[in-house]
Amino acid sequence: MKNTFEGIGGRDGSHCGLTDWYGEHEAALAKALTGKKDFDTGWYSSKKEIASARITRCKGKVIVAVSVSDDFDSVGRGEREVTSPVTLDSICEAIDKAWEDAKDDQNANQGYRGYSLRDKEGNWIDTYLVSIDGADVPSGDNYHHRGWESDAREVEPGEGLGTVCGTKRIPKKTVAAFERFADSCKGGELKIGNWTMKSWDEDDCLWAAA
């Protein structure tokens, strides 16, 4: 089976997403579609996303597959058959659907739930990780432990204050409320005073706090 993208150079086949193909790649794919022979693009990646896709035609059937990952090495796969008539537009539509399937698969495979804590201006303060798989150390190279990612020992907090992200002083009871929210709620958002904690998956679970 002919590799449609072979010889073009570079592993990236698209720019922002998985269907924003570079000119040479789009031309090669369009040419392959006009013929009747089977073809295979091989896995090509996106320059801006941690995702890759593959487009194949075998015995007249065109299949797209999408693979995604993240900073925690949580992977997901999705696959869709392209409906007739097979065009660049219908391939794009199938890739978008396969990408959503891959994200759903990735969510099911995740061993963590991540939350961001921000101030009233929207500035990032800290990250909080909850273990789903029971591991003490998250997978990947960017995070090293569960709970708050900052080191609470960096700054000695004042009386009644907890330390989050070193230089930010937040009341201990507020910090404890955020921890209970993250540990107990499957996603969502919690706002207390000038601070807001929000899950990375943005589930529709909203806690209200005075």
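1. K103 and E100 are both located in helix α2, three residues apart, about one turn of the helix. Helices here are DSSP runs of H or I, at least four residues long, numbered from the N terminus. The side chains of K103 and E100 form a salt bridge at 4.0 Å, N to O; the term denotes a side-chain nitrogen of Lys or Arg within 4 Å of a carboxyl oxygen of Asp or Glu. K103 is partly exposed at 34% relative accessibility, and E100 is partly exposed at 43%. Partly exposed lies between buried (under 20% relative accessible area) and exposed (over 50%), with a 1.4 Å probe and protein chains only.

2. On the basis of the model: it is predicted, local features need pLDDT of at least 70, side-chain atom pairs count only at pLDDT 80 or more, and totals for chains, interfaces and linings use all residues. Residues are numbered from 1 along each chain as its sequence is written, and side-chain values use heavy atoms, with hydrogens and water left out.

3. Helix α2 (residues 88–109) also holds K97 and E93, four residues apart and so separated by about one helical turn. Their side chains meet in a salt bridge of 3.4 Å, N to O. K97 has 40% relative accessibility and counts as partly exposed; E93, at 47%, is likewise partly exposed.

4. A further salt bridge joins the side chains of K198 and E189, at 3.9 Å from N to O. K198 is partly exposed, with a relative accessible area of 35%, and E189 is partly exposed, with 27%.

5. In total, the structure holds five salt bridges. Side chains of opposite charge can pair when their charged atoms come close.

Definitions and conventions:
Helices (H or I, at least four residues) and strands (E, at least two) are DSSP runs, numbered from the N terminus.
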